[in-house]
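Hi,

Here is the model I promised to pass on.

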Amino acid sequence: MEIMTNHGFRKTIKYLRAFIFISLIGMSLALLLFLGVLTYAKVLGAPPLAVPQSTLLMSDDGKVIGESNNGQKRYWVPLKDISPDLVNATVSIEDKKFYSHHGFDFSRIAGAALADIRAFGKVQGASTITQQYARNLFLEYDKTWERKLLEAFYTIRLEMNYSKKDILEGYLNTIYYGNGAYGAEAASQYYFGKKASQLSLAEASMLAGIPKGPGIYSPLVSEKRAKFRQQDILDSMIDNGYISKKQAKIAAGKPLKFSGKYPNPEKRIAPYFQDAVKNALKYQLHLDDRTIALGGLKVYTTLNIKEQKAAEEKIKKVIASGSQIQTALVAMDPKTGNIKAMVGGRDYQQSPFNRAVQAIRQPGSTFKPILYYAALGQGFTPSTTMRSEYTTFHFDDGSSDYTPHNFNNKYADGEITMAQALAVSDNIYAVKTHLFLGEETLVDTAKKFGISTPMSKVPSLALGTSGVRVIEMANAYSMLANDGIKVEPTLITKVEDYSGKIIYEKPAENDRVLDPAKAFVMTSMMAGTFDPKLNGYTTVTGNSVVNELTRPYAGKSGSTDTDSWMIGYTPQLVTAVWCGYDKGEPIDLSAEKSYSKQIWAQFMEDALKGKAVKKFKPPKDGVVGVYVNPANGKLATSDCPVKRMTYYLEGTEPTEYCTEHLRHNQDSPVKPQPEQKKPWYKRILPWEH
C-alpha cells in the first residue's frame, strides 16, 4: 500500500513538473510574442490620425458658407475647445481608469467576462477609450476575432506614440452621437445649437450619455430614457470625484432646451458658387471625391456674402415671379479675377444647372468691344467714320449674301464714328469693320481675351453669333478694366488640409496680354454706352439705366432673338448678366428684354455702395485725350454745343476741327478746313465709295 502511494506521489510530481515546464515555455513564448508585438508596434511608429472630417467652404472674410460632408457632420476641435464637463463626463462613464492604464483595463475585462458568463450572453462592454478610438480610426464594426486582434494592436500603437491628451481629443472628435453628428462639436451644435466649449454640466452630462445608443438615449428620441442615462453619468462623476452631489442635483434638475438642427440652415449660401468650387477642387486641383467630401479641408473662397446677397435680391426683384425666363450673373474683381458673386439660375432647388459656367449662349453686341479693340491696332480710332445704312454684303468666294440689320431697322443714313457705333450698337459698322480686318482677326483676338469656346469665322461673328459662357465674358471685360493684365476667373484662394497645412495657394498673376493704351481707349469708348452726349440718330444703349447710376461705368449691352446681356465695370468690379430661356425660345416681351440691364445696374450700385468712387485712369504713355464733337469725331471748337473728352492712341488723335457751327460765331478763330481726301479705309472698302 505504501509502495503504491509513493509511486502515485512520484507520478503526480512528474506531471506537475511537466505542467510547470510547459507553462514556463508557454509564458516565455507569450512574453516573446508580446515583446515582438511591442517591438513591431514601435518600428511601425505612430499610426496616422487622419479621420473623416467635413470640408468647410469659407467666404472671403473667413465665414463658413457651406460644407461638403456626404450627409455627415464632422468638425475637429482641440481638446481645449471642448467643455471640461463633457470631457470629465465622458471619461467617467466610458473609461474611469483612462489616465492610469496603458490602453487596456484588465480588471474591467475580467469583470465583463464574468458578467457575460453569468448572463450567457454579451451584456457588458470592456473597451477603453483608446480601444474605441482605434476602432473609430481604422476598423469596421464587425464582430470577429481578426478585428479584435487588430483593435488591440492599434490600441498598443496609439498608447505607445500619443499622449493621453491626443487620444482623448481624437476620441471626442470621432465618436458618433446620432443624427449624422460625429464628434463633440457637431453633436453640441445639433442638440444644443452651441459650440462644444459652451456646454453646461447639465448639457454635457446629457450629451455624454448618447453614444452608448443614439437611437435609445437621444433626448430627441426619448427624453425620459435620456434623463435616466444623464443621472447615471452624474452619479459616476460624483463617485470619481469630478463633481459634488450638490452640483449633480442642480444639473439633474435643470430644464434643457434641445435644438434638433444645425445652426447653419440647409439652404446653402450661393449654391451655384459652391458647386463651382467643388468642381474646381476636383478638376483644377485634382482632389478625389472622398477628400473633397470628408477630407477635413478648409477651402478659402473668393465669395463676398454681401455682394452675393445683393445679386440674388436684385434678380428676384427685377424678374417677374410669373416669368419662366432664366438668368445668370458673375461678378469679379478685375484686378485679381476673384469671383465675388455668382448666380447660375433663379432657383437652385428646381434647376441646379449652372448657367453662369455651363451654358453657352450668343453674346450679341457684348462681343463688339473685342472687335473694336482689334480694330484699334489696325488704324481705326474712336473718330473713324463709316456709313450706317441698309447694306447687303456680297462675297467673291461664292458665299451667300449677308444683310445684317440694326435694332428696329434704324440707321443713321449717314456717317457715324466708331465711338458712336459702339454706344448705339450699330451692326452695319461692326460687320464692315470685321470684314475689313479679316474674319481670322476677331477669332484670334477673342482667344487673347480668354474666350475658349469655338468661334465661327463668319461675317456675323461681329454681332456675337458664336456661343460663349457668362464667366468667360466677365473675364474678358476684366482685362479691359485691368489695363490689359491677364486674370483668370478665381473661386479659391487657399486650401488647407485637416491639419492646417496649406496644400494650395493661388499663384500671383501679372502677365499683360492686351496693350494698356488700347484697353483704356476701349474703356473710354465703352463709357459712352451711358453718355447721352453721344446720341445721334438714336439713343445710347445704356440710356434706360443712366439715371440709376451714380459713378463712372464702362460697359456694353447685347441682345439676340433669344439672349439678353449686360456687361459693365468700374475699376473695382466687373459684372456680366445674361437673361434668356433655357430652350432658346425668343424673348418677345419688352420687359424681359430689359431685365439684364436692370439687374446689372441695381446690383452694381448696391455692391459698390460705400466704396470709393473711382474714375478710369489713362496709362502714363501711349494715350492722348482731346475734346471732340461726338457727332463727327472732329476736334471741338468753342462753337460746338456738345464737347466730349475722348481718348486716342498717341499719334492717332484727330487734327481736323469741327466747322459745322461756325455760322453761330463769325468771329471764331477756326477757319473752314479745305476738303479732305478720303481716309485710307474708305478708299479700300467697296461699300464706302
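Does Lys 340 count as buried or exposed? Lys 340 counts as buried, because its relative accessibility is 13%; the cut-offs are under 20% relative accessible area for buried, over 50% for exposed and partly exposed in between, with a 1.4 Å probe and protein chains only.

Before the rest, some housekeeping. This is a predicted model, where local features need pLDDT of at least 70 and side-chain atom pairs count only at pLDDT 80 or more, while totals for chains, interfaces and linings use all residues. Residues are numbered from 1 along each chain as its sequence is written, and side-chain values use heavy atoms, with hydrogens and water left out.

The overall picture: the protein chain has 23 helices and 17 strands, taken as DSSP runs numbered from the N terminus (helices H or I, at least four residues; strands E, at least two). Of its 689 residues, 51% count as buried. If you take contacts (heavy atoms within 4.5 Å) between residues at least 6 apart in sequence, 69% of them join residues at least 24 apart. The accessible surface is about 33,900 Å², and 54% of that belongs to carbon and sulfur atoms; the areas come from the Shrake-Rupley method with a 1.4 Å probe.

Back to Lys 340. Its side chain meets that of Asp 60 in a salt bridge, 3.2 Å from N to O; the criterion is a side-chain nitrogen of Lys or Arg within 4 Å of a carboxyl oxygen of Asp or Glu. The two residues are 280 apart in the chain, with Asp 60 in the loop between β1 (55-58) and β2 (64-68) and Lys 340 in strand β7 (residues 339-343). Asp 60 is partly exposed at 35% relative accessibility. The structure holds 16 salt bridges. Among them is Lys 494 with Glu 496, at 3.6 Å; here Lys 494 is partly exposed at 21%, whereas Glu 496 is buried at 14%.

Strand β7 also belongs to an open sheet of five strands, ordered β7-β6-β14-β13-β12 with antiparallel pairing; strands pair if DSSP finds at least two bridges between them. β7 and β12 (554-559) are the edge strands, each with a single partner, so one side of each has no neighbour in the sheet. From one strand to the next, the twist averages 5°. Inside the sheet, β13 (residues 563-569) and β14 (residues 574-580) pair over seven bridges, and Asp 563 has Gly 580 as its bridge partner in β14.

Helix α14 (residues 305-318) lies across β6 (326-332) and β7, at about 30° to β7. Helix α22 (residues 595-607) touches β6, β7, β12, β13 and β14, and its direction makes about 25° with that of β13. Axes are lines fitted to C-alpha atoms, for helices over the stretch in contact, and angles run from 0 to 180 degrees between N-to-C directions.

Finally, the aromatics: there are 15 pairs in the whole structure, meaning rings of Phe, Tyr and Trp (its six-membered ring) with centres within 6.5 Å, where planes under 30 degrees apart count as stacked, over 60 as edge-to-face and the rest as tilted. Tyr 190 and Tyr 191 are edge-to-face, because their planes stand at 90°, with centres 5.1 Å apart. Ring pairs link these two and Tyr 262 into a cluster. Tyr 191 is buried at 1% relative accessibility, and Tyr 190 is buried at 10%.

Cheers
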